[in-house]
Each structure stands twice: as C-alpha cells, then as structure tokens.
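Hi there,

Here is the structure I promised to pass on to you.

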Amino acid sequence: MREKRPSKASHALQFNVAQLLKDSSGARRVYNIDTELPPLDEKLTVVAPFHGQVQFIRVGAGLLVTGNLETSVELECTRCLSVFRTRAHFEIEEEFHPTLDVVTGTRLPQKPDQDTATLIDEHHILDLAEVIRQDLLLSLPSSPTCRPDCHGLCPHCGQNLNEGSCSCEEEIVDPRWAALKENVMRET
Ligand SMILES: [Zn+2]
Ligand SMILES: [Zn+2]
C-alpha cells in the first residue's frame with residue numbers, strides 16, 4: 001500500500017507539535033522555512049517563496065513561536081498606480097495553545113478571546129499560515145511608492161510623469177507666480 005498523500009489543504013507551514021507538547025517547559029525546535037504558500041490574501045500577491053527560520057519553545061500553556069521571514073510581494077504605488085515588486089521582511093511572535101491535552105486527549109478550556117489563528121488543532125497540528133498572513137500585511141507600508149522619487153500622475157491628464165512630461169505642465173502656473181506676472185505686466 002502506498003502512503004496516503006497529504007490533502008491539498010496541508011502545506012509546509014503546518015507542523016505536528018504533539019511531541020513538543022509532551023516535552024518539558026523550555027524545550028525547543030528550530031525549523032528553516034523555504035516554501036511557497038497557497039494564496040494568503042485576496043488583496044495581496046506574493047511572488048516569491050517564504051524564507052527564514054522559526055523557533056517553537058514549550059512554555060507554560062502552549063508554544064511560543066518566534067521567527068524572521070522574508071518574501072516578495074506585489075504592491076500598487078499610491079502615486080502613479082503602477083504595480084511593483086518589493087521585498088518584505090517581517091517577524092512573528094505568537095503564543096499558540098493546544099485544543100486538546102496531548103496526553104489525555106481531553107478538550108482544554110479556551111479563553112473567550114482566544115484567536116483561532118493561534119490554536120493548535122485536535123490533531124496537534126500548528127498552522128502558521130494565518131499568523132504569517134497577518135504579520136506580513138502589518139509589515140507592508142500603508143502608502144507604498146514604487147520608488148522614493150516617484151513623480152506620480154499628472155492630476156490633469158493622467159500622464160505617468162515617470163515616463164515623461166505632459167503638455168499640461170507649461171500651462172499650469174503656480175498662482176503666486178501668476179500674480180507676480182500680472183504685477184510686472186501692470187508696471188511696465
Ligand atoms: Zn510610482
Ligand atoms: Zn498633464
């Protein structure tokens with residue numbers, strides 16, 4: 001008999017932590033991450049595998065997960081509306097709690113405000129995907145620009161001013177200069 005393949009829902013950021021939950025406080029595991037993930041968020045396009053390292057530490061009520069990860073994402077420039085790629089670096093630090101007691105199999109009481117993203121499921125699977133999605137989104141700039149000196153779009157004709165100037169530029173004069181010009185004309 002061939003071994004059953006993992007279901008499509010599973011991915012490289014799901015870890016079976018049954019053994020670690022049985023270990024004593026302070027026990028740790030370190031995992032290198034180098035993986036593609038299924039789409040995390042409809043508003044975000046991830047264009048590179050996730051790289052980095054995560055560490056699981058057995059603490060009082062569960063597992064403390066810390067790590068540093070990086071990937072590349074596509075963002076839309078808020079000035080010129082072009083889509084560009086950028087590296088994203090982010091940290092994770094979350095405490096995960098088991099659903100079941102790993103020794104007795106009994107269901108453990110959960111706090112009413114327990115975030116389901118940090119629950120270890122009844123098969124002792126710890127899934128980092130949701131935490132990574134949240135921390136990645138938080139790490140991104142709220143007003144991304146394709147480059148620091150992006151010239152944006154002409155507010156009059158919509159021309160992308162990074163690609164060239166438009167003919168509006170000569171006609172639109174700063175109102176202060178316009179006033180000055182008028183005075184000069186009156187004096188002469
Ligand atoms: Zn731009
Ligand atoms: Zn223009």
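This is a predicted model: local features need pLDDT of at least 70, side-chain atom pairs count only at pLDDT 80 or more; totals for chains, interfaces and linings use all residues.

Residues are numbered from 1 along each chain as its sequence is written, and chains are lettered from A and ligands numbered from 1 in the order in which they are written.

**The core.** A nonpolar core is a set of buried Ala, Val, Leu, Ile, Met, Phe, Trp, Tyr and Cys residues joined through C-beta atoms within 7 Å. Buried means 20 or more other C-beta atoms within 10 Å of a residue's own, exposed means 12 or fewer, and partly exposed is in between, with C-beta atoms placed from the backbone. The largest nonpolar core has 22 residues, and Val17, Phe56, Leu63, Val65, Leu126, Leu128 and Ile132 touch the most other members. Two or more residues each come from α1, β4, β5, β6 and α2, with β5 giving the most, four. (Helices, H or I of at least four residues, and strands, E of at least two, are DSSP runs numbered from the N terminus.)

Leaving out residues up to four places away in sequence, Leu126 touches Phe15, Val17, Leu63, Phe96 and Ile120; contact means C-beta atoms, placed from the backbone, within 7 Å.

**Two loop residues.** Leu81 is not a glycine, yet its phi is positive, near 65°. Leu81 sits in the loop between β5 and β6 and is exposed, with 12 other C-beta atoms within 10 Å. His124, also not a glycine, has a positive phi of about 65°. His124 lies in the loop between β7 and β8 and is partly exposed, with 18 other C-beta atoms within 10 Å.

Happy exploring!

Key
Two residues are in contact if their C-beta atoms, placed from the backbone, lie within 7 Å.
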